[in-house]
Amino acid sequence: MSESPSEASGSSSDASGGPRASPDATAPTDPAGGSGTAARDRLASLTARIDGTLASVVFASLAVVGVGGLIQVSFGTYSMTVFEAWRAVVDPAVWSHPGLLGEFFLGETLGGLLAAQFGWATEVELAHPTLIVWTVRLPRVLVAVLVGANLAISGAIFQAVTRNELASPYILGVSSGAGLAILLTLVVFSGMSAFLPIFAALGGTVAFLIVYAIAWKGGTSPVRLVLAGVIVGTVFQSLQTGLFFFADDLGVVQSAIAWTTGSLTGTDWEQVRLALPWTVIALGFALAGSRQLNVLLLGERTARSLGMSVERVRFALSGVAILAAAAAIAVAGIVGFVGLIVPHVVRTLVGSDYRRLVVGCAFVGPALLVGADVGARLAMDPVQIPVGIVTGLVGGPYFLYLMRRQDDLGDL
Amino acid sequence: MSGTHSDADTDEANGASADANGASADANGATDGDADALHAEDLALGYPSTDEPVVETDRVDVPAGEVTALVGPNGSGKSTLLKAMAKQLDPDAGRVVLDGENVANYGTKEFAREVGLLSQENDAPGSATVEDLVYHGRYPHRSFFGAVTGADDAAVDRAIDLAGIDHLRDAPVSDLSGGQKQLAWIAMTLAQDTDVLLLDEPTTYLDLHHQLRVMEVVRELNEEADVTVAVVLHDIAQAARFADNIIAMRDGEVYDWGPPRTVVTEALLADVFDVVASVDADAPDGPTVHPHHPVR
């Protein structure tokens, strides 16, 4: 299926030393001596190679996040060199004051409480570059990291749940539900726009539950779930588009577009704090559930005959994916393509085993989004475009490339 | 297996056909006290899309420690019956009993530790290796977040060994030939380490070599680990050769039941399979079937 050429050649070179059987020579009696250890050795080299691939994927992603992040924090109205930016990021004035870090990551209330408890100083004199980097520019990079990780993991889970490689976090109605909630908040209940992130996440969750209820008929199936997602998506999308007509000024429309295409403009520590706990929880559950995802990929019948309560596991895993998607939507709106492409890229690189795939997604997702946000913020300077537009521009051609290269795209 | 089936023999007296009962009594006497591992009573099976039941049977027995083959033409309900016995299909009426307990009362994981099922068509995702696949067979023995134990490793090694695919252990399943794939899937089911194994047409679409390999593994498992096997087979000649018992199905009902030598007859081939054939019932390897032409 998603067998990369390099992998195929790797396994044949691996086997060259051992008693490699040609595809049809399955002699029931192997020469007993040494074949067991040879198999073990092969296994060891295989694991090493795949873990090596995963390690390089992780490393490369970290590098992209690092470089992208540095570019992000160095450019802007107050420009500094990359070196200055780096110095600001690692400024000991920040890192040696846990009270300050606590306030950034936990908020004034909780962080302040903690600082008071331990007698940490929170009022620290910071150099100008450090102040700009830490209070204005760094949080945006961190939000990009969290959103990227959430969307990638969410997409990976939905691809297993629906057994469809073209599934994304938004396949089960989440984006249209969130979009409708965003439009409703901005246009109809404009007094409550402070709660917009929460409403967006809730809207997505409600839409997902409606999709599940529609698909349920003594159980669900991947196909019925996807169809129900299309149905709910179509209706909600129409309502959402309809609401645009009732928007009375351009500001509201622009704000709505920014939310429905996904944007990191103006994100702050508050967004980091909003998304971080849910990201940690979703990531934890995704890692813990990776074996369940693998078994689910064997097909519903096999999973059930192995004793899996397929419906329960499927719903629980979808819940984890929705949690991740909702956390991303609440801080950045509906960023497209990340959840679709990243699991693909990672699968081509590390294989379809979810124990590795989830880890890979948690790193490649942030890399893509941090990279895309550099483009979104700086490409058309001083105008900032929504990051979702950049991910779409990158994602479309990449999918075209995949489609040309892979014959059996789609099935999982 | 427990010895709580004192009433099983009396139950069996209500069975489908008289000669079948006699034969099964003999067979049971020859092994041990257990009458059956799995049996079905007054079963009516259907699918949501069908009004009429697809399968209706009074009594179906899968004797403990034996290999039972389900045979019949396409659409005779043999796979449906197997699904019900594997707790994959809830009966409209009647019940399936495992070790004296209605299978509906088993938890999903608990049941999967007792009964293994290999479905007809399977596909493994992308890069999973044979070993990865076989480890999935340990699913019912592991807790939700449970790590791999020594028992899991041992069961996987044993299963791979039994299926004779040691040399394919690290090969991606998607690279294997059809026959090798089937052996890998069988190894996964073996790793489940169950007392009962249900196989749905495990030899269909395989070349002759792998057909025989598969049936040999099944035989070995049955003889060495005393695993009870029920297997749907397409090929009546194969069933006659490998099975201790044959359940012949026609139009959703059990046509006949018993050891191959009594069940596989020219009359059966004409009635059930619509084939004119001659049967050599005294051949040393079990009755051999020579099909001549379809019944006109």
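In the predicted model, chain A contains 17 helices and 0 strands. Chain B, in contrast, has 11 helices and 12 strands. Of the 412 residues in chain A, 48% count as buried; in chain B, with 296 residues, the buried share is 53%. Among the contacts of chain A with a separation of 6 or more, 75% are between residues 24 or more positions apart. In chain B, 67% of the contacts between residues at least 6 apart in sequence join residues at least 24 apart.

The largest nonpolar core consists of 202 residues. The members that touch the most other members are Ile153(A), Ile157(A) and Ala187(B). The most residues given to this core by one element come from helix H6 of chain A (residues 128-161), which supplies 20. For Ile157(A), the residues touched, leaving aside those up to four places away in sequence, are Ala286(A), Leu293(A), Leu317(A), Val320(A) and Ala321(A).

The packing of two helices of chain A was then examined. Two packed helices are described by the angle between their axes and the distance between the axes. The axes of H6(A) and H14(A), the latter covering residues 310-332, come within 8 Å and cross at roughly 150°. Angles over 145 degrees count as roughly antiparallel, and H6(A) and H14(A) are therefore roughly antiparallel to each other. Their crossing is left-handed. On the side of H6(A), the contact is made by residues including Val143(A), Val147(A), Asn150(A), Ile153(A), Ser154(A), Ile157(A) and Val161(A). H14(A) contributes, among others, Arg314(A), Leu317(A), Ser318(A), Val320(A), Ala321(A), Ala324(A) and Ala328(A). An α-helix has 3.6 residues a turn, so residues three or four places apart point the same way.

Helix H15 of chain A, residues 338-350, was considered separately. H15(A) has 13 residues and reaches 18 Å from its first C-alpha to its last, close to the 18 Å expected at 1.5 Å a residue. This helix is mostly covered, with 11 of its 13 residues buried. The buried residues of H15(A) are Val338(A), Gly339(A), Leu340(A), Ile341(A), Val342(A), Pro343(A), His344(A), Val346(A), Arg347(A), Leu349(A) and Val350(A). After H15(A) comes Gly351(A), which has a positive phi, near 95°.

Note on methods:
Residues are numbered from 1 along each chain as its sequence is written. Chains are lettered from A and ligands numbered from 1 in the order in which they are written. This is a predicted model: local features need pLDDT of at least 70, side-chain atom pairs count only at pLDDT 80 or more; totals for chains, interfaces and linings use all residues. Helices (H or I, at least four residues) and strands (E, at least two) are DSSP runs, numbered from the N terminus. A residue is buried if 20 or more other C-beta atoms lie within 10 Å of its own, exposed if 12 or fewer, and partly exposed in between; C-beta atoms are placed from the backbone. Two residues are in contact if their C-beta atoms, placed from the backbone, lie within 7 Å. A nonpolar core is a set of buried Ala, Val, Leu, Ile, Met, Phe, Trp, Tyr and Cys residues joined through C-beta atoms within 7 Å. The expected span of a helix is 1.5 Å times one less than its number of residues. Axes are lines fitted to C-alpha atoms, for helices over the stretch in contact, and angles run from 0 to 180 degrees between N-to-C directions. Angles under 35 degrees count as roughly parallel, over 145 as roughly antiparallel, 65 to 115 as roughly perpendicular and the rest as oblique. A crossing is left-handed if the near helix is turned anticlockwise from the far one by less than a right angle, and right-handed if clockwise.
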